[in-house]
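Let's take a walk through this structure together. Have the sequence and the 3D view open as you read.

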Amino acid sequence: MSSAPERSSSRSAKDPASYWNTSSGNLWVARAVREHTGAISEADARRFLAARKGDEAAATKLLAADLTWRAERKPESVTLADIEMVEKEGCWRFVDVSTRGHPFIWVQLSKWTPSNYTLDDYGASALPHITRRLSVPDH
């Protein structure tokens, strides 16, 4: 009997550290943290660079868009009263955190009632809620 040959993946998962663990990547991270003092941590800067696979120009553009969104929406200042409508609906549920620190969020679409509010209302209340849950899980 012959066994089937093992299939190898044509895509190899690249270690995210390889994007910033270079002299250029380390310089970009240090520059991003310095230029946005208090707005971004070194770990966050590394995530932006890894998200764009080491492309510093794309990471800079993504970081700028994120900081602009945060300045406009101020997700860190959202209170439960601000998102009461979304919380009561129960569509979004924080479940747990993985062993790697990633949050599990369960979305139950059957509880989503978009006719009760506008898309802008929902975005204004749901996105900061999700952002907060992703950055500081409360379990």
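This is a predicted model: local features need pLDDT of at least 70, side-chain atom pairs count only at pLDDT 80 or more; totals for chains, interfaces and linings use all residues.

Residues are numbered from 1 along each chain as its sequence is written, and side-chain values use heavy atoms, with hydrogens and water left out.

The chain has six helices and two strands; here helices (H or I, at least four residues) and strands (E, at least two) are DSSP runs, numbered from the N terminus. Of the 139 residues in the chain, 24% are buried, where buried means under 20% relative accessible area, exposed over 50%, and partly exposed in between (1.4 Å probe, protein chains only). Contact means heavy atoms within 4.5 Å. Among contacts between residues at least 6 apart in sequence, 52% join residues at least 24 apart.

Now for the helices. Two packed helices are described by the angle between their axes and the distance between the axes. The axes are lines fitted to C-alpha atoms, for helices over the stretch in contact, and angles run from 0 to 180 degrees between N-to-C directions.

Find helix 2 (residues 23-35) and helix 4 (residues 56-73): their axes come within 11 Å and cross at roughly 20°. That makes helix 2 roughly parallel to helix 4 (angles under 35 degrees count as roughly parallel, over 145 as roughly antiparallel, 65 to 115 as roughly perpendicular and the rest as oblique). On the helix 2 side, the contact is made by Ser24, Gly25, Trp28, Arg31 and Ala32, and helix 4 brings Glu56, Ala59, Thr60 and Leu63.

Next, turn to helix 2 and helix 3, which pack at an angle of about 125° with their axes 9 Å apart. That makes helix 2 oblique to helix 3. Gly25, Trp28, Val29, Ala32 and Val33 of helix 2 meet Glu42, Ala45, Arg46, Phe48 and Leu49 of helix 3. Val29 touches Trp20, Glu42, Ala45, Arg46 and Leu49, not counting residues up to four places away in sequence.

What about the inside? A nonpolar core is a set of buried Ala, Val, Leu, Ile, Met, Phe, Trp, Tyr and Cys residues joined through side-chain atoms within 4.5 Å. The largest one has 13 residues, and Trp28, Val29, Ala45, Leu49 and Leu63 touch the most other members. Helix 1 (17-20), helix 2, helix 3 (42-51) and helix 4 each supply at least two residues of this core. Helix 3 gives the largest share, four residues. The buried residues of helix 3 are Ala45, Phe48, Leu49 and Ala50, and these pack against helix 1, helix 2 and helix 4. Just after helix 3, Lys53 takes a positive phi of about 50°.

Last stop: where does Lys111 lie? Look in the loop between strand 2 (103-107) and helix 6 (119-135). Lys111 counts as partly exposed, at 33% relative accessibility. Lys111 and Gly90 are 21 residues apart in sequence, yet 6.5 Å apart in space, C-alpha to C-alpha. Leaving aside neighbours within four places in sequence, Lys111 is in contact with Glu89, Gly90, Cys91 and Arg93.
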